[in-house]
Amino acid sequence: MSLFKARDWWASVLGEGEEFDQGCLCVGDVDNSGSGYDKIVVGSFMGMLRIFSPHPAKPDEQTEADAQLLEVQLPDPIIQVEMGKFVSCSELLHLAVLHPRKLSVYAVSGTAGNVEHGDQYQLRLVYEHNLQRTACNMTYGPFGGVTGHHFICIQSMDGMLMFFEQETYAFGRFLPGFLLPGPLSYCIRTDSFITVSSIRQVECYRYETLAVATDADTRQDSDQQSKSSGKRLTADWTLVLGEEALDICVPNTSSAMSSIFVLGERNLFCVKDNGQIRFMKKLEFNPSCFLPYGSVSEGSTNILMCNHNNMLLVYQDVTLKWVAQLSCVPVAVRVANFPELKGLVVTLSSDGHLQCSYMGTDPSFFTAPKVDAREVNYDEVDTEMKMLQKVIREASKTQDILPRAETEEELTLTAIVSSHMDEVSCAVIPEMNGMPVPSVTVKFKIKNRGAVHSPKMTVCVQPPLGVTQDQFVLDSMGSGCELVVRFSAFLNGHYPPADLCGDIAVSYSSATGIPRVSQCKFNLPLRLVCYPSSAIKNAKYKITVDTNKPPVNLSEVFPDFSEKSENNDSSALGFQLITGSRVIVLASKTSQRYRIQSESFEDIWLVAKELVQRFDRHFASLGVKDFRNSFTGPIPLPEFFETVDHHFELRVNAQKYQDLLSERAVQFRAIQRRLLTRFKDKTPGPLQNLDTLMEGTYRQVIALADAAEDNRERLIQAFTRLRSATHLLILLLSLWQGLSSEQTAILEATLLPLLQDTPQLGWEESVDAAVSHLLKTCLSRSPKDQAISLSTGPLTIPKDTSRLKKHITLLCDRLGKGGRLSLSSEANVPTTVMMPVGCESIPGPIVEQEEEPPLQQESAKYIKKKQPSKKIKSKSDSSKESSREKKEKDSSKEKEAKVSSKESKRESAKESKEPSKDKESTREKESSKESGKEKTKVSRKSSVKVKEKKSEAGDS
C-alpha cells in the first residue's frame, strides 16, 4: 500500500463493454499541429478509434466533450495503433491502425472552427494493405538505415514477419522454431528486431539477415517465393529468460549503447544490444505494463512500471524511487506533454479507464468514521447478550454440516402404499418356486407452494426389488398445483431382499432458478415377499423376543396373514418367503415371550423387524406407553459369522477368477501373436499345434468368464443375505442393551457402511476399520487406553475373517458390559450393569490370547468395586470409622498400584511372585496396628490381589 496517491489531472471512461490491450494506446502530435503538445489515440477491440486532447478542467466547463477530438467506428477490431512517417511523399506523422487482416494508414487533419462549436477533425485513409495471415502485433522504424521515413513490420499469429516499405509490400520471413507469437520491438542502433520465442528466450534478428535469408518452410505463399531467396534465417544472438515476456521496449536514449528492456512475469531484464545482461530486477508483484524513458542521470534509465495492485512504481535502473496509488490496473502506460504541464503519465485499463495523472504528495490515509458518543444501557446489553447466547446454544445443538432451512419446502411429497396387492401383477417374473409374484401400487402425491420448473422424479428400491418405472420427467407446475404419480413395486430376483424401504427424490428448479432436491421414503408391505403358511414346531435357528406385557393374539397383530393361514392356531403363524425358507412365529401361552424360528438365519430378519414394529403400533393404539421389547440373549454370533465367511469366500473366489482370467488372456494373446507371425511368414511352416492350443485357451477363457459371472451373481445374493443378517444382529443388540435411537444409528453406520460391494472396497475391511475405531475411542477400556491418533491406512481385502470376528465379538462384549456408543471424543469407560435374566456374556473361544489378560483385569476391577461397598454397608458403626476405612482403602490402593507397576517390569513369573509376597507381608504388618475389622478387610483384599497376580503370571 502506497502512502501517496497519483493525482488526477484528467480522466475519462471510454464506452461500455469495450476491451483494450497494451497496443491500443499511443501519444503524439497526430494532427501535425506543431504546438509541441501531444494527443492521445486509443483504439478498442470493438473497432472504436478515439483521439483526445486533454486539458485541465475549469470549474464551470465540461472537460470530456471538449477534450475528445474524434471518434470513428471502424469495421474491424483494432489490435494496435502507432504514429510515424508512413507515407512516402510526406514527412508528416500519420496514424497506422492494425486490424486482424488489414493494415490501414490514416491522416488526421484539423480545421479551425468559426463558431462556438470549435475545431473540426477528420480521419482520411491514405492507403491500406490486406493481410494474407492473421496479425498479432507490429513495430516500426527506419529499417535498413533509411532517413525521413518509417517502415512497418507485422508479426502474424503463425510466426511470419511481414515487411512493408510504406505503400509497398517488401518481403516476408518465417521465424525458425516458431510456436506462439511474442512481443516484438525494433532497435535503431543495431538495425535489428527483438522478440521472445515460445522457448522463453530473447532472439535478435538483423534486418540485413532477414532481407537476404530464405525459409525452407512450406508455409510460404507462392507469390512470395520469388522474393524469398538466399540463406537460411538464423538469430544474431539469443538469451534464455526462463519465463514468459509481457513486453519489450528499446528506448532511444543513447547513440553509444542501446538497452533492451524485457518485462517478464516475475523479473525485469535489461540487456545490451549485443545480448549481454546489463542488470536484472526481481519483482515482488505481478506487473501489468511498463515504459522505459530517458533519465537526467548519465548512463541510467528511468522505468515506469504498473502492477495488478493498482500501483505505479518509478525505478532508476534497479532502484525504486517513487510509488503512487492508481485507481485501476493499467494495461498500457505512456508519458505525454500537454498544455500547462509536461511529463504527464497516461494510463489505460482493460475496461477503458483513460487517466492522465502526475505523482504528487497527497497522502491517502484511512480515517475511521466518527462513532456516535452515547451512554451504554447495561440492561439492554445484558438482555441482548442473553438472547445471543440462547441463539448460539440452539445452533450448537445440531451437528449438521449444512444449515437447516428455516422456510418450508416448496414441494410437499407424500407416498401412499396400497394396503392390498394388485389384482393383475406387474412383476417381470410372474412365478417363483411355484408361487405367483405379487405387486403393490404406490401412489405418490406432489404438492407445491410456489412455481416449480422441470421437475424430475427418481424412484430407488434395494435389489432384488424392482419398480415398473424408476424415472419420471414431469411438467412444470404453477403455484398451488398437485400432481399424482403411480407406479408398482415387485420382487425381481430369486432371493429375499434385505430392506423393504424405498426412496423417492424429486429434483427441480425454483422460480428464481435455484436447483433443489426433495426426498421422501416409503415402506413396502411384508406381503409383497411372502405368503401365509402352516407353522412347524422345529427349526434350525431360533430367536426369542421378550415383552413386558401379557401375550397377544398373533392374528390381531398380523390380520393380513391370519386370514389365509392354513391353521386357526392364534399362538403360531407361518410366513413362507417366495424366494426363501419358511419363518415361524410362536407365542408362549404362559410367559411373555415370542419365538421366531427358521431354517435360514438371515430370513428371520424381515419377520423379526415386522413383529417388533407391529407390537409397538399395536400397544400404542391401545394407549400403553410403557411397552418395551427386549432380548435376553445369547447373541447368535456363530450363525452370523457363517454368513460372513460365505460372503468372504465368494469375494476371494472372485479375485481368483480375475487373476486366472488375466493369465489366460495373456496366454491367448501370446498364441495369437505366434500364429500371426506364422501366417505372415513367406515360407510356410508347420503350426506346431498352436491352433489347438489357441482353441483350448479360448475355451478356458470362456469357461472362466462364465464362472466369474456366476460367482458375481452369487456374491450379490450373498451380500444381500449378509445385510439381512447384519440388520438382525443390530436389532438384537439394540433390544439386548436397550440402545437409544442415536446409538442404534451409530451401530448401523458401523456394521452397514456400504450399500453394495465393489472390487476396490468390500464389507469386511470397511466394517473392520469402523469397529476398530469404536473399540479405540468410545468403547475403550479406560481413558488411558483411548487412541489419541488413529491410523488411516488404505483399506484392502484381508487374508481371512479371524480379525474381523474378534473385533465384532469384542464390540458385543463391551456393549454387554455397559459400553456406550458415542461420536464424541471422550472415552466411555464400561460401567457395571445388572444383566437380564438368562443373559450370558459372549463366549470367548474366538478371542485371541492377546486380548484375554485385559478382560481378566476388567473382571477383577469389577470385583474390587463390589466387595468393599458390601463390607462398608455391613460393618460400618460410625462416621468416624467409615472415614478411617476410606483413608485405609486409598492408601492400600496406592500401595497396590506401586507394587503392580514394579512387578510388571519383571522378566519372569518367578521373580514377580516373590516381591508380591514380600510386599503383601509388609503391608499386613503395617495394617495389624489397626482394628480387627480393618485387618480382616485388608487381608481379604490382599488375597484377591495375590490370586490375580498369580493368574496373570501363569498366563504370561
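**Close-ups of a predicted model**

**View 1. Helices H7 and H8 are roughly antiparallel to each other.** "Roughly antiparallel" is the label for angles over 145 degrees. Here the axes of H7 (residues 637-680) and H8 (residues 690-737) cross at roughly 160 degrees and come within 8 Å. Those axes are lines fitted to C-alpha atoms over the stretch in contact, with angles running from 0 to 180 degrees between N-to-C directions. H7 passes H8 in a left-handed crossing, meaning the near helix is turned anticlockwise from the far one by less than a right angle. Sort the residues of this contact and you get 27 nonpolar, 10 polar and 6 charged. For that sorting, Ala, Val, Leu, Ile, Met, Phe, Trp, Tyr, Cys and Pro are nonpolar, Asp, Glu, Lys and Arg are charged, and the others, Gly among them, are polar.

*Notes for every view.* This is a predicted model, with pLDDT of at least 70 needed for local features and 80 or more for side-chain atom pairs, while totals for chains, interfaces and linings use all residues. Residues are numbered from 1 along each chain as its sequence is written, and side-chain values use heavy atoms, leaving out hydrogens and water. Helices (H or I, at least four residues) and strands (E, at least two) are DSSP runs, numbered from the N terminus.

**View 2. Arg614 is a buried residue in helix H6 (residues 604-621).** Its relative accessible area is 12%; buried means under 20%, exposed over 50%, and partly exposed in between (1.4 Å probe, protein chains only). Beyond its neighbours within four places in sequence, Arg614 is in contact with Val557, Phe558, Pro559, Asp560 and Phe561. Contact means heavy atoms within 4.5 Å.

**View 3. Strand S43 (residues 572-577) is mostly covered, with 6 of its 6 residues buried.** One side has Ala572, Gly574 and Gln576, and the other has Leu573, Phe575 and Leu577. S43 runs antiparallel to S41 (residues 530-533), joined by 4 bridges, and Leu577 is the bridge partner of Cys530. Another 5 bridges join S43 to S44 (residues 582-587), also antiparallel, with Phe575 opposite Val583. S43 and S44 make a hairpin with 4 residues between them.

**View 4. An open, antiparallel sheet of 6 strands runs S41-S43-S44-S45-S42-S46.** Two strands pair if DSSP finds at least two bridges between them. S41 and S46 (629-630) stand at the edges with a single partner strand each, so one side of each has no neighbour in the sheet. S46 pairs with S42 (residues 541-547) over 2 bridges, in the antiparallel sense; Ser630 is the bridge partner of Asp546.

Methods:
Parallel < 35°, antiparallel > 145°, perpendicular 65-115°, else oblique.
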